[in-house]
Amino acid sequence: MAMAMATPPPLSLLAFLTISLLHLSMHARSATHWQDVQVLKQLKRTITPSSIPAASCIDSWDFAADPCDALFTDKFTCGLRCDAVSDSSAARVTELALDSAGYSAPLSAVSWSLPYLQNLDFSNNNFSGDIPDSLSQLTRLRRLALSHNSLSGPVPDSLGSLSLLEEMYLDNNMLTGAIPSSLNGLKNLRRLELQDNQLGGEFPDLSQLSNLNFLDASDNALSGRLPAALPPSLIQLVMRSNQIQGSIPAAAAASLPWLQVMDLSHNRLSESVPASLFTHPSLEQLTLSYNQLGSVQVPGNSGLTSPLISVDLSNNRIHGLLPGFMGLMPRLSALSLENNEFTGPIPAEYVVKVLGPGSGSGSGQFERLLLGGNYLFGAIPGGFLELKAGSLTVRLGDNCLYRCPVRFFFCEGGVQKSLTQCRAFGPIIP
């Protein structure tokens, strides 16, 4: 007797079961962790609705769909990234990078329970209020970018606990108070930007930041002296437009073997420009203009090994003869000594470098030489009279030079100081 064959299910039922299982499988792999969804919802609720432009990232966020499932669709066009993680069956939010749409909200209104977040970028918006301590929950954060917002209050000590952080941008806000020394806890930090705030007090000793390459604390209200110790890995040090005073520690430059750019302009620095800056093995740009410096120390090797390309010592109180050794520095192409109290003739070394053969030789030519606003005297060097306007930039106006005719571009209209001014400055001027 033949056995009865089992009746196969209808094709429509098979298709339904297959689609359902596929959907469940995909959802299990990529559905956003519930905790992350709550933070995203909270963030959107916190932002002032009138500050959310049409077609912006936040405007597209529609929680009728799962965020990580709907990335780059019309439900979540931009603003976040998700990744699978080994210890979670759900996808986790690893990046919040909003567009520059002018969003307005207090950062402290968000819980910041995003344990897998690596990049938080709210730059160029209008987020306000204090930087909350709750950001310290972002223990995997590698990049914090809050530039160009309306944040106020202090830089919290708690940010120093973000041990994996590599970049921190807090510039162009309204932050106040001192820079906390707790930032020494950021052992992986490579870039720190604090410029254009209202930060005050002395700059702290952050020498424990052994990986920091770029530091910008310009345009604040920092006072006191430069720290004796700075992060040894610095490549760029920028602290212009503050109220820093005292001398430039000679040892500070020596302790920064990789430094390429130093800008301490628009401060209250005094005393001498250390010779160590002209023997530094990697320094290429030195800007110390608009301070109260009084002299320049001459390096023992006359700067012959210096890699400096640009030196700006303008608008100080530097007196004495022009530092002739700077005309021997092989790569120096831009030198500004304007508006000081230099006297004496223009050194022959400068003339040779202005008329030099240029970049084809081992020694670079001056492309920019600014000497105006001093008490230089004597005749215009003969070689200068052969210079053509536009060939390079030379300024000799407002000195005590003998005849600087208007037809020469470097005389800046032929205006020199009066004989009375020149002789009142010092009896050495003939």
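In the predicted model, the chain carries 26 positive and 34 negative side chains. The centres of these two sets of charges lie 5 Å apart. The accessible surface of the chain amounts to about 19200 Å², and carbon and sulfur atoms contribute 55% of that area.

The overall dimensions of the chain were examined next. Along the principal axes, the C-alpha atoms occupy a box of roughly 130 × 45 × 40 Å. The radius of gyration of the chain is 31 Å, whereas a compact globule of 430 residues would have a value near 22 Å. Of the 430 residues, 50% are buried. Among contacts with a separation of 6 or more, 50% are formed by residues 24 or more positions apart in the chain.

With regard to secondary structure, the chain contains six helices and 27 strands. Among the strands, E25 spans residues 375-379 and runs parallel to E23, which covers residues 341-344. Two bridges join E23 to E25, and Thr343 stands opposite Tyr375 of E25. Strand E25 is also joined to E27, formed by residues 400-402, through three bridges, and these two strands likewise run parallel. In this pairing, Ala379 has Tyr402 of E27 as its bridge partner.

Conventions
Residues numbered from 1 in each chain as written. Predicted model: local features only at pLDDT ≥ 70, side-chain atom pairs only at ≥ 80, totals over all residues. Heavy atoms only, no water. Helix = DSSP H or I, 4+ residues; strand = E, 2+ residues; numbered from the N terminus. Rg over C-alpha atoms; globule rule 2.2 N^0.38 Å. Buried < 20%, exposed > 50% of the residue type's maximum accessible area, 1.4 Å probe, protein only. Contact = heavy atoms within 4.5 Å. Areas by Shrake-Rupley, 256 points an atom, 1.4 Å probe, with all protein chains shown as cover. Lys, Arg positive; Asp, Glu negative; His and termini not counted. Charge placed at Lys NZ, Arg CZ, Asp CG, Glu CD. Pairing = 2+ DSSP bridges.
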